[in-house]
Amino acid sequence: MGVTGRREALKAGMAVAGLGLVGFPDWMLPALAQDEVLVPFADMPPALPPGRTPLVRTLDVRTIRAPFTPPNQFYTIQHYGHPTVDSATFRLSVGGLVDTPLSLSIADLRAMGETELVAGFECSGNRRPLQGLSSNGRWTGVPLRSVLERAGLKPSVRELVFFGADRGPENVVFRAETITVEQQFGRSLDRDKALSDEPFLAYALGGEPLTIHQGSPLRLIVPGWYGVSNVKWLSHIVAQEDEYLGNFQARWYRTLRGEMIDGELRWVEAAITAMQLKSFIARVSKVGTQHNVLMVALNDGTPLETVEIKIDDGPWQPSTPDPSTTSRFSWKLFNFTWSGATPGEHTLVSRAIDVNGQVQPTSEELANKKTFLEDNSQHPRVVTVT
Ligand SMILES: Nc1nc2c(c(=O)[nH]1)N[C@H]1C(S)=C(S)[C@@H](COP(=O)(O)O)O[C@H]1N2
Ligand SMILES: [Mo]
């Protein structure tokens, strides 16, 4: 089947599923064959609600095609809205406790190298029923370390703060007082993490300059960490000795968990950093009498052992990894062929297991997590087989 044929088949499949038909690029090949139809999830509305504002977009996980999310479908969210940054006059400023303060244009950064990074991530607030705040991208840019080495960090530096061009008023609660100050969106990395191999300054996604949604002209990507670390519209990097305690570092992005430590339940408040081991069922489709199940897994980059699926009260069964999503920080896709499904309602649930034997928890096992971020619980999906 030619590309056009496949596109037509995709449109047919999507039309059956009642989804939109707008502008599929040629490289976006359908996973659904002509006679393959989506099996609706009972916990998911048939048409996804539009984003809360035009600036928020969820990915309809039922449309996932391996391996990358098309840039115009990449999920997107932010706190203040979109700042206007002119990429032609843009300069990244690197200052604070450095030997040589820098002011770098996109051309300067491109001249430092065109490295590629495959990284998928989710918002730490991503959860059931949509699971739509996650995507996978092929980014082009420069390792953060190259820029920091060019600036030269003073020995006293312990923290690097990354500010976006977006700003807004934030309430800072101090004892009985609430003080409102305008500030830029900011996140930080400690010195070792910032100088490690992973953090990356990206100016392109899918081979094209970043769109304003994904942080044009420049953003930080911390592979294996939740989305909030990936500062969009990056404008300033500040090297400092003190820990950064800004709103989006110290207050909004925290998890409160009860943990048994030395036999006592202690309440631990931790910043949102590395992604917790997670998988979810993205699509169930039917071809003839057979069903295909697509699963997505994300974590901090620790190699996965397997993603298993359980149907009703059956045993956990292994699924098959998609060979196009094996790079370390890519999201991982897994397929399972479900044969002999009987008519009626069925509950399907997946769980990821990494090479260290860590198993994705059930929601009961997360009962001591009191804040909603970092919900990596197993997510049962209910489908009706006809
Ligand atoms: N400058 C800036 N960067 C930001 C944010 C923001 O509000 N401002 N939001 C963060 C959050 S919470 C997430 S989940 C990701 C979303 O990135 P995306 O829109 O490319 O998917 O951006 C992060 N980077
Ligand atoms: Mo987020």
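1. Arg266 has a relative accessibility of 40%, and therefore counts as partly exposed, a class that lies between buried (under 20% relative accessible area) and exposed (over 50%), taken with a 1.4 Å probe and the protein chains only. Its side chain meets that of Glu264 in a salt bridge at 4.0 Å, N to O, where a salt bridge is a side-chain nitrogen of Lys or Arg within 4 Å of a carboxyl oxygen of Asp or Glu. Glu264 is partly exposed as well, because its relative accessible area is 44%. Elsewhere, salt bridges with shared partners join Lys193, Glu198 and Arg328 into one network.

2. This is a predicted model, in which local features need pLDDT of at least 70 and side-chain atom pairs count only at pLDDT 80 or more, while totals for chains, interfaces and linings use all residues. Residues are numbered from 1 along each chain as its sequence is written, chains are lettered from A and ligands numbered from 1 in the order in which they are written, and side-chain values use heavy atoms, with hydrogens and water left out.

3. By the salt-bridge rule the count comes to 13. Among them is the pair of Glu122 and Lys278, whose side chains meet at 2.9 Å, N to O. This pair links distant parts of the chain, since Glu122 lies in strand S4 (residues 115-122) and Lys278 in strand S14 (residues 278-287), 156 residues apart; strands here are DSSP runs of E with at least two residues, numbered from the N terminus. Both Glu122 and Lys278 are buried.

4. Arg110 and Glu114 also form a salt bridge, with their closest N and O atoms 3.7 Å apart. Arg110 is partly exposed because its relative accessibility is 31%, whereas Glu114, at 51%, is exposed.

5. Taken alone, ligand 1 exposes 540 Å², and the protein buries 100% of that.

6. Ile179, in strand S7 (residues 177-190), is partly exposed because its relative accessibility is 36%. Together with Phe174 and Val181, Ile179 forms a nonpolar patch on the surface, with about 240 Å² of accessible area in total; such patches join nonpolar side chains (Val, Leu, Ile, Met, Phe, Trp, Tyr) within 5 Å, from residues with over 30% relative accessible area and no salt bridge.

Notes. Areas by Shrake-Rupley, 256 points an atom, 1.4 Å probe, with all protein chains shown as cover. Patch = residues over 30% accessible without salt bridge, like charges linked within 9 Å, V, L, I, M, F, W, Y side chains within 5 Å. Helix = DSSP H or I, 4+ residues; strand = E, 2+ residues; numbered from the N terminus.
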